[in-house]
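Hi,

Here is the structure I promised to pass on. Have a look at it first, and then read my notes below.

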Amino acid sequence: MHNTRHMASALRYARRGVYSTSPNPNVGCVLVKDGQEIAVGWHQKAGEAHAEINALNRAGDLAKGADAYVTLEPCSHHGKTGPCADALIEAGVNRVFVAMKDPNPLVAGQGIKRLEDAGIEVKVGLLEGRARQLNTGFIKRMEMDLPFVRVKMAMSLDGRTAMASGESQWVTGADARQDVQRYRARSSAILTGIGTILADDPSLNVRMTADEQGIVGEIRQPLRVILDTDGRLPEDAKLLSLPGKVLLITADKSKLFTHDNLLVEEVSLKDGKLDLLEVMKLLARYEINDVHVEAGSVLCGALLQENLADEIIIYMASHLMGDNAQGLFNLPAIETMQQRINLKIEDIRAVGDDWRITAKPVQQEQK
């Protein structure tokens, strides 16, 4: 029981890095002696000290003989920081409780082995389910070379997202829009299609501060990604004038202009449109863990039909927009009840005057 409580504490601290650690995972560490937590640490920002190092630094000499509770297997390799497994050994900890092994197939188990070889008892699997939920994007990228894809939509009670004219500001209220900012901030990339850029000229950035969220450190701006088959991005698009890089993915680089903030990549076509699986593999190579999609019905529908959407967030407003307004997902291939895309609703909750529905496609099979 005490072990579970201490690992739950480590998981809470790990969540403090949710807006700042990408492309690294969120990791927490708690050091316990005589049943009391003597020091805590969490990974705060990519390139900076890992959770175990922060906890050990806070504990100092008290770490000797303590038990360490770590939400992810301590690293065993030299990256931008030294191996955390070695630091735990040198500090003289007694036991190490690990929620889950490192999902990177190149290093999985090596940190645990190093600790055990040093005579330290290691127990693996405590609250593993919660630990995996904390790093779904990092785990998927390590295990499948694909990012976790979250599709966000806003709709009226009758399932409409915009008027026939394209007018869509605002379908939902201010509280829901602020909630979206938190999803943007925790993502590695925000993705949309060129149609949304041409219609709305969005910023696609995070508009909130660390102070507003009560967290330590700064909130990084995710990479903004545009799918633009024919290179129609305007040179005066608003998002190019804002801080941070924009990645444009197209079928023909030669049609694009150059800009200091603009990166351009090519992918193949599939049925006349960008190959979405190739797009996601490309983003994984960019070390993108979580993709937050804010796009129109065609792109969002295509991600569903290609089995590339891992989670759907729908904000539902309590008004009706009528028969002529635009629908939620464009799914032309569905013609029979047997072809329906089944969803598992994971959560429904009020956000201001609106409702947020979190769902996952059932029985996905990656291609």
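Lysine 123 is partly exposed, with a relative accessible area of 39%. Bear in mind that this is a predicted model. You'll find lysine 123 in strand E5, which covers residues 121-124. Leaving out residues up to four places away in sequence, lysine 123 touches Val96, Phe97 and Val98.

**The cores**

Valine 96 is worth a click too: among its contacts, not counting residues up to four places away in sequence, are Ala68, Val70, Leu88, Leu115 and Ile120, as well as Lys123. Val96 is also one of the residues with the most contacts inside the largest nonpolar core, along with Met7, Leu31, Leu88 and Leu115. That core has 40 residues, and helix H1 (residues 2-14) gives the most to it, with five. As background, nonpolar side chains tend to be buried together in soluble globular proteins.

**Salt bridges**

A search of the whole structure turned up 15 salt bridges. A few to look at:

- Aspartate 86 pairs with arginine 114, with the closest N and O atoms 3.0 Å apart. This links helix H3 (residues 84-91) to helix H4 (residues 110-117), the partners being 28 residues apart. Aspartate 86 is partly exposed at 23% relative accessibility, and arginine 114 is partly exposed at 32%.
- Aspartate 310 pairs with lysine 140, the closest N and O atoms being 2.8 Å apart. Here the partners are 170 residues apart: aspartate 310 sits in the loop between helix H11 (297-305) and strand E15 (311-316), and lysine 140 in helix H6 (residues 136-144). Buried or exposed, for aspartate 310? At 9% relative accessibility, aspartate 310 counts as buried, because the cut-off is under 20%. Lysine 140 is buried as well, at 9%.
- Arginine 356 pairs with aspartate 347, with the closest N and O atoms 4.0 Å apart. Arginine 356 is buried, with a relative accessible area of 11%. Both belong to a network of salt bridges that links Asp179, Arg182, Asp347, Arg349 and Arg356.

**On the surface**

Ile345, Ile348 and Trp355 form a nonpolar surface patch, with about 320 Å² of accessible area together. Isoleucine 348 lies in strand E17 (residues 343-351).

Cheers

Terms used:
Residues are numbered from 1 along each chain as its sequence is written. This is a predicted model: local features need pLDDT of at least 70, side-chain atom pairs count only at pLDDT 80 or more; totals for chains, interfaces and linings use all residues. Side-chain values use heavy atoms; hydrogens and water are left out. A nonpolar core is a set of buried Ala, Val, Leu, Ile, Met, Phe, Trp, Tyr and Cys residues joined through side-chain atoms within 4.5 Å. Buried means under 20% relative accessible area, exposed over 50%, partly exposed in between (1.4 Å probe, protein chains only). Helices (H or I, at least four residues) and strands (E, at least two) are DSSP runs, numbered from the N terminus. Contact means heavy atoms within 4.5 Å. Patches are made of residues with over 30% relative accessible area and no salt bridge: like charges are joined within 9 Å, nonpolar side chains (Val, Leu, Ile, Met, Phe, Trp, Tyr) within 5 Å. Accessible areas come from the Shrake-Rupley method with a 1.4 Å probe; for residues, only the protein chains shown count as cover. A salt bridge is a side-chain nitrogen of Lys or Arg within 4 Å of a carboxyl oxygen of Asp or Glu.
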